[in-house]
Amino acid sequence: MLSSSEYSVSYTGVALAIDDLARYGATGRDFSHWAGSQHTQTMIEGMASQVSLWKESHIPSNEGTSNYSRGSKTLMTFFLAGFGYSSKRLSIEHIPALLPMFSVLQEQSDDEEVARLAKLVMQYLAQVLYTAQMSEGVTSKVLALLEEESNSWHVITKTLPLLCTLTFSNRFTLSHDVRMRIVDTTALFLEHDQIEVRHIASTSLTSLVKCASSNVIADINSKFSAKISTRLPRVRYGKPLKDSAAYSRLALTRHAGVLGLSCLVLAFPYTIPDWLPEVLVLLAGCIDDPNPIQSTVQRTFAEFRRTHMDTWHEDRKRFTSSQLELLTDMLVSPCYYA
């Protein structure tokens with residue numbers, strides 16, 4: 001009730017709105033920073049501070065009835081109510097500062113309702129169409145959250161897709177530098193120690209590549225092609241590695257390169273850009289690497305074969321004879337020989 005009754009800044013008439021559009025641009029005057037009345041601001045800050053104090057003494061339990069759980073539910077319910085009313089600027093203004101708290105609440109194991117509410121708040125935040133003045137600030141806070149070293153890999157896997165959604169919702173208001181930072185941050189997680197994070201980052205980067213310019217695609221191509229330039233040393237059965245740590249680092253880097261090139265292939269399921277045949281040749285050269293590199297290459301070629309099956313008689317003309325010779329075993333369906 002407090003959220004719905006809170007004063008909402010708006011235009012008093014159509015003529016004033018049109019005049020503002022002419023004077024301030026496509027998004028009009030920036031009303032996004034309405035943080036509510038002084039009473040509301042004090043209440044929100046007090047609730048957030050109290051929840052943080054309860055977190056320090058929180059002991060997980062099966063019942064999920066601790067003060068920390070109840071306070072978190074109250075705080076998130078208030079913000080979700082704000083999204084549903086005209087006073088949603090209250091939620092938009094305050095939630096970015098509370099992102100670290102909500103990201104952790106997504107992993108609340110002793111109370112499924114808390115985790116569900118936290119996921120809803122994060123999803124709403126990513127889907128909002130922000131003004132040009134505010135979109136970069138919110139995006140920067142999400143990026144800063146991802147870059148914190150203290151994050152668990154569970155938090156990263158839940159936040160990366162939201163960053164992708166946030167980018168698509170506000171791609172026309174984000175500057176080139178911010179969009180490049182989003183791509184670079186996502187690409188960094190392709191070398192994360194946890195394979196689940198690498199797979200989520202790969203899916204997110206594939207989506208981002210679909211909206212990227214040709215220059216960005218060329219940079220991604222060269223960056224990840226370089227990562228697979230060094231081959232893994234042969235591991236002979238029964239003989240230990242001389243430097244297992246170096247081998248693991250090289251395997252991780254090589255897998256990141258394969259995932260990055262795979263993103264380029266999967267981002268264009270029904271076309272053959274000029275650079276794609278050479279990328280496929282590079283990926284084919286990794287087919288004999290150990291898992292998870294080999295399985296990533298196999299999935300990429302299986303998806304490429306599926307999406308280009310109907311037009312392969314035309315698509316094959318984009319490849320040179322030497323490229324087709326190298327890729328024949330990868331691009332011909334096993335059922336062909338049955």
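**View A. Lining of the largest cavity in the predicted model.** The residues that line the largest cavity divide into ten nonpolar, one polar and no charged, where Ala, Val, Leu, Ile, Met, Phe, Trp, Tyr, Cys and Pro count as nonpolar, Asp, Glu, Lys and Arg as charged, and the others, Gly among them, as polar. A cavity is a set of points on a 1 Å grid over the protein atoms alone where a 1.4 Å probe fits but cannot get out, and lining residues have an atom within 4 Å of a point. About 70 Å³ of space lies in this cavity, a volume being the space filled by probe spheres set on the points. Helix α9 (153-169) gives the most to the lining, with four residues.

This is a predicted model, in which local features need pLDDT of at least 70, side-chain atom pairs count only at pLDDT 80 or more, and totals for chains, interfaces and linings use all residues. Residues are numbered from 1 along each chain as its sequence is written, and side-chain values use heavy atoms, with hydrogens and water left out.

**View B. Packing of helices α14 and α17.** Helix α14 (residues 276-284) and helix α17 (residues 321-331) pack at an angle of about 55°, with their axes 10 Å apart; helices are DSSP runs (H or I, at least four residues) numbered from the N terminus, and axes are lines fitted to C-alpha atoms over the stretch in contact, with angles running from 0 to 180 degrees between N-to-C directions. The contact (heavy atoms within 4.5 Å) is made by P277, E278, L280, V281 and A284 of α14 and Q323, L326, L327 and M330 of α17.

Notes
Helices (H or I, at least four residues) and strands (E, at least two) are DSSP runs, numbered from the N terminus. On a 1 Å grid over the protein atoms alone, a cavity is a set of points where a 1.4 Å probe fits but cannot get out, and a pocket is an open set with protein on both sides within 12 Å along at least five of seven lines; lining residues have an atom within 4 Å of a point.
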